[in-house]
Amino acid sequence: MPALGAFGYWMRRYRRTWRGSVVISVVNPLLFLAALGVGLGRLVDAHQSAHLSGVAYADFLAPGLLAASAMQNAFVEATYPVHEATRPRGAYPAAAATPLRPGDILTGHLMFIAFRIVVSALAFVLVLLAFGVTGPATGALLIPCVLLVGMAFAAPLCAWAVGVERPSRLNGAYRFVAMPLYLFSGTFFAVGQLPGWLQWAVSLTPLYHGTELVRGVALGTAPAGPAAAHAGYLAALALAGTVLAHRGYARRLHR
């Protein structure tokens with residue numbers, strides 16, 4: 001499979017930088033769960049908020065953080081690395097000079113991003129197991145859900161980032177897209193607490209669907225119909241992003 005060559009390149013890079021990913025993959029969720037889930041959670045649980053439907057705040061927060069971490073990893077791996085790889089001395093022009101096709105280059109990079117999302121999800125699930133938020137069987141079910149969330153962001157981001165000329169646009173995407181989604185897609189509080197018009201807007205975002213899917217699986221409260229709808233939305237977004245990315249990579253690397 002030609003794409004494995006491109007995947008191998010990103011893996012070789014990762015061997016030199018994997019230690020830095022530990023902060024995002026393990027330390028950040030551990031701190032968030034300790035500070036918010038356990039610390040602030042005691043205050044929230046004491047008031048027995050009806051918006052949590054009787055669920056402890058730590059149990060409510062943890063799946064939301066897991067879904068949000070998949071989005072964060074997608075932004076980290078599919079924006080600046082893709083942009084830098086398109087530069088004249090970057091990895092993409094060098095790979096395009098070999099028998100690899102643009103589609104192979106894209107597929108190899110997406111395979112690496114999927115690997116990063118899965119590894120981070122595994123680390124996060126281990127933290128959840130340590131906190132007693134979930135069990136081993138449910139934790140295993142969460143991994144493909146988190147991967148779906150991550151790829152629903154990664155593929156469209158690759159399609160966009162491969163054509164970006166100014167790095168400042170990447171900063172803007174994280175500041176004005178990722179952060180609002182992180183704050184208002186049900187990660188830290190129930191979407192039902194928002195005004196009605198904002199609830200409708202949030203329901204259109206991929207992180208909302210990802211959070212609902214992951215939280216429903218983690219808590220065992222996801223009916224089959226809504227869970228399938230959330231998964232279908234995310235899968236459609238990942239597929240559409242991949243199609244657009246194939247076109248964008250072909251234009252960029254063949255011009």
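Me: In which helix is alanine 250 found?

Reply: Alanine 250 is found in helix α10, where a helix is a DSSP run of H or I with at least four residues, numbered from the N terminus. The model is a predicted one, in which local features need pLDDT of at least 70 and side-chain atom pairs count only at pLDDT 80 or more, while totals for chains, interfaces and linings use all residues. Residues are numbered from 1 along each chain as its sequence is written, and side-chain values use heavy atoms, without hydrogens and water.

Me: Why is alanine 250 called partly exposed?

Reply: Its relative accessible area is 29%. Buried means under 20%, exposed means over 50%, and partly exposed lies in between (1.4 Å probe, protein chains only). Alanine 250 therefore counts as partly exposed. Its C-alpha atom is separated by 9.9 Å from that of isoleucine 105, which is 145 residues apart from it along the chain.

Me: How do you know whether glycine 232 and leucine 234 are buried or partly exposed?

Reply: Glycine 232, found in α10, has a relative accessible area of 37% and is therefore partly exposed. Leucine 234 also lies in α10, but at 0% relative accessibility leucine 234 counts as buried.

Me: What does leucine 234 touch?

Reply: Leaving aside neighbours within four places in sequence, leucine 234 is in contact (heavy atoms within 4.5 Å) with Leu148, Val149, Ala152, Pro206, His209, Gly210 and Leu213.

Me: What makes α9 oblique to α10?

Reply: Helix α10 covers residues 224-253, and α9 packs against α10 at an angle of about 140°, with the axes 9 Å apart. Axes are lines fitted to C-alpha atoms, for helices over the stretch in contact, and angles run from 0 to 180 degrees between N-to-C directions. Under 35 degrees counts as roughly parallel, over 145 as roughly antiparallel, 65 to 115 as roughly perpendicular, and the rest as oblique. The pair α9 and α10 is therefore oblique. The contact is made by Pro206, Tyr208, His209, Gly210, Glu212 and Leu213 of α9 and Ala227, His230, Ala231, Tyr233, Leu234 and Leu237 of α10.

Me: Why are α6 and α9 called roughly antiparallel?

Reply: The axes of α6 (residues 136-161) and α9 (residues 206-219) come within 9 Å and cross at roughly 175°. That makes α6 roughly antiparallel to α9. The residues of this contact divide into 13 nonpolar, 2 polar and no charged; Ala, Val, Leu, Ile, Met, Phe, Trp, Tyr, Cys and Pro count as nonpolar, Asp, Glu, Lys and Arg as charged, and the others, Gly among them, as polar. Val214 is one of the α9 residues that meet α6.

Me: How do you know the orientation of α2 relative to α5?

Reply: The axes of α2 (residues 57-78) and α5 (residues 102-131) come within 10 Å and cross at roughly 150°. The two helices are therefore roughly antiparallel to each other. By class, their contact has 12 nonpolar, 4 polar and 2 charged residues.

Me: Which residues have the most contacts inside the largest nonpolar core?

Reply: They are Leu66, Met71, Tyr92, Phe153, Cys158, Val214 and Tyr249, in a core of 69 residues. Such a core is a set of buried Ala, Val, Leu, Ile, Met, Phe, Trp, Tyr and Cys residues joined through side-chain atoms within 4.5 Å. Not counting residues up to four places away in sequence, valine 214 touches Pro63, Leu66, Ala67, Leu142, Cys145, Val146 and Val149.
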